[in-house]
Amino acid sequence: MKKSLIIAILASLIIIGGCDSKKEVGKNTSVEMSKKTKSKKVEKKNIELGDYKNLKIGETVPIKYHESAEGKVAFDFTLNKVEFTNKELGGVEPEYESGFIVLDVTIKNTGEEPLEVDLLTGMKYGTSMVSLGERYGFSDLSESSEMGIKESKTGKMVFQHSKSSNRISWGLEGFTTTFSYDINADEIGDYVPE
């Protein structure tokens, strides 16, 4: 009797322990599955939004935003030219052993509402963040300006440059089109003030 009682207690402990571990596994599995499902959705949306890599100077990227923007915010971005200077730009001196990368870009508003130009301030050259040209004496692109529907502007954007990269990138995966331009050293001209 004692022997069968001990076996019954051990069996019930094993069964209860097994049930608890199944619940834990079930919880972990559903969390893992929901993570996988979410990442698949992000990947799918990113495919719809576009991910452009290894672009070259002169190529145009059609930028879209997540479906929550309902097509209202969209624009084309073209990198026309890349130049370098270690001289002062608009009263701003380059940092020690550094210089400025000056981008000549064209932006065309293809969305259904005015476009705020400062959306592009998240662009990076390696780890450097872009500034719109007005900070460096260029008046074409201003952080406070808006572009009308179908309006196009060409202007300058500037990076503080410490010679650490050759890639220009922009976008937030899953929320906007992402892109990157790969720039060869021989494609970077010397900036000459206009």
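**Figure 1. Asp182 and its salt-bridge partner Arg167 in the predicted model.** Asp182 is buried, with a relative accessibility of 12%, whereas Arg167 is partly exposed at 37%. The two residues form a salt bridge in which the closest N and O atoms lie 2.7 Å apart. This pair connects distant parts of the chain, 15 residues apart: Arg167 belongs to strand S11 (residues 167–170) and Asp182 to strand S12 (residues 178–182).

**Figure 2. The salt bridge between Asp104 and Lys156.** The side chains meet with an N to O distance of 3.0 Å. Asp104 lies in strand S4 (residues 99–109) and Lys156 in strand S10 (residues 152–161), 52 residues apart. Asp104 has a relative accessible area of 14% and Lys156 one of 3%; Asp104 therefore counts as buried, and so does Lys156.

**Figure 3. The salt bridge between Asp51 and Lys53.** An N to O distance of 3.9 Å separates the two side chains. Asp51 is partly exposed at 40% relative accessibility, while Lys53 is exposed at 56%. The structure holds four salt bridges.

**Figure 4. The open sheet of five strands.** The strands follow the order S1-S12-S11-S6-S7, with mixed pairing. Strands S1 (51–55) and S7 (128–129) form the edges, each pairing on one side only. Strand S6 (residues 124–125) runs antiparallel to S7 and is joined to S7 by two bridges. Lys124 has Met129 of S7 as its bridge partner.

How values were computed. Residues are numbered from 1 along each chain as its sequence is written. This is a predicted model: local features need pLDDT of at least 70, side-chain atom pairs count only at pLDDT 80 or more; totals for chains, interfaces and linings use all residues. Side-chain values use heavy atoms; hydrogens and water are left out. Two strands pair if DSSP finds at least two bridges between them. Helices (H or I, at least four residues) and strands (E, at least two) are DSSP runs, numbered from the N terminus. Buried means under 20% relative accessible area, exposed over 50%, partly exposed in between (1.4 Å probe, protein chains only).
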